[in-house]
Amino acid sequence: MGSLFEELEAREVAARGRAEELEAELAELSGRLDLARESLERLRIARETVGEVLAELTSERPAVAVDADGATVGGPVASAYAGAERREDTPGMFTLARRRTAKSPNSR
């Protein structure tokens with residue numbers, strides 16, 4: 001059996017190793033946290049920009065509701081998201097509905 005000082009030294013080495021492992025984990029997690037915060041900020045800016053663009057679009061021309069066939073229905077819609085339709089294939093995504101104009105010979 002080793003002396004008391006050898007035992008303390010072994011425990012100190014083990015504790016130092018564990019502290020270094022935790023510091024490495026902390027550095028890795030800090031990097032991942034920074035990336036997640038950057039992604040969140042980009043999404044926040046994108047949401048604000050989309051809201052601003054849609055608000056500008058609706059202020060430039062009257063917005064109208066669009067039915068499932070893409071035909072316009074009813075009168076003006078009072079919403080910053082007027083003219084946007086939720087996409088079923090991508091939750092949280094919107095597409096801008098296009099205004100129907102005179103049909104071209106190639107359209108249905």
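This is a predicted model: local features need pLDDT of at least 70, side-chain atom pairs count only at pLDDT 80 or more; totals for chains, interfaces and linings use all residues.
Me: Where is confidence highest, and where is it lowest?
Reply: Helix H1 has the highest confidence, with a mean of 95. Strand S4, which covers residues 94–96, has the lowest, with a mean of 54.

Me: What is the average pLDDT of the protein?
Reply: The average is 77, and 55% of the residues score at least 70. Where pLDDT is low, the coordinates should not be read in detail.

Me: Changing topic, how many of the residues are buried, as a percentage?
Reply: Of the 108 residues in the protein, 6% are buried.

Me: What does the accessible surface come to?
Reply: The total is about 9,400 Å², and carbon and sulfur atoms account for 57% of that surface.

Me: What about contacts between residues 24 or more positions apart?
Reply: Among contacts with a separation of 6 or more, 27% are between residues 24 or more positions apart.

Me: Which residues form a nonpolar patch on the surface?
Reply: Leu4, Phe5 and Leu8 form such a patch, and together they have about 380 Å² of accessible area.

Me: Where is Leu8 found?
Reply: Leu8 belongs to helix H1, which spans residues 4–60.

Me: Why does Leu8 count as partly exposed?
Reply: Leu8 counts as partly exposed because its relative accessibility is 46%, and that class lies between 20% and 50%.

Me: On to charges. How many salt bridges does the structure hold?
Reply: The structure holds 6 salt bridges.

Me: Which residue forms one with Arg16?
Reply: Arg16 pairs with Glu12, and their closest N and O atoms are 2.8 Å apart.

Me: How are Arg16 and Glu12 placed in helix H1?
Reply: Arg16 and Glu12 are separated by about one helical turn, because they are 4 residues apart in helix H1.

Me: Are those two buried or partly exposed?
Reply: Arg16 is partly exposed, at a relative accessible area of 43%. Glu12 is also partly exposed, at 46% relative accessibility.

Me: What about Arg18 and Glu21?
Reply: The side chains of Arg18 and Glu21 form a salt bridge, with an N to O distance of 3.2 Å. In helix H1 they are 3 residues apart, so about one helical turn separates them.

Me: How exposed are Arg18 and Glu21?
Reply: Arg18 has a relative accessible area of 43% and is partly exposed. Glu21 is partly exposed too, at 45%.

Me: Which residue forms a salt bridge with Glu28?
Reply: The partner of Glu28 is Arg32, and the closest N and O atoms are 3.7 Å apart. Both residues lie in helix H1, 4 residues apart, which is about one turn of the helix. Glu28 is partly exposed, at 42% relative accessibility.

How values were computed:
Residues are numbered from 1 along each chain as its sequence is written. Side-chain values use heavy atoms; hydrogens and water are left out. Buried means under 20% relative accessible area, exposed over 50%, partly exposed in between (1.4 Å probe, protein chains only). Contact means heavy atoms within 4.5 Å. Accessible areas come from the Shrake-Rupley method with a 1.4 Å probe; for residues, only the protein chains shown count as cover. Patches are made of residues with over 30% relative accessible area and no salt bridge: like charges are joined within 9 Å, nonpolar side chains (Val, Leu, Ile, Met, Phe, Trp, Tyr) within 5 Å. A salt bridge is a side-chain nitrogen of Lys or Arg within 4 Å of a carboxyl oxygen of Asp or Glu. Helices (H or I, at least four residues) and strands (E, at least two) are DSSP runs, numbered from the N terminus. pLDDT is the predictor's confidence in each residue, from 0 to 100.
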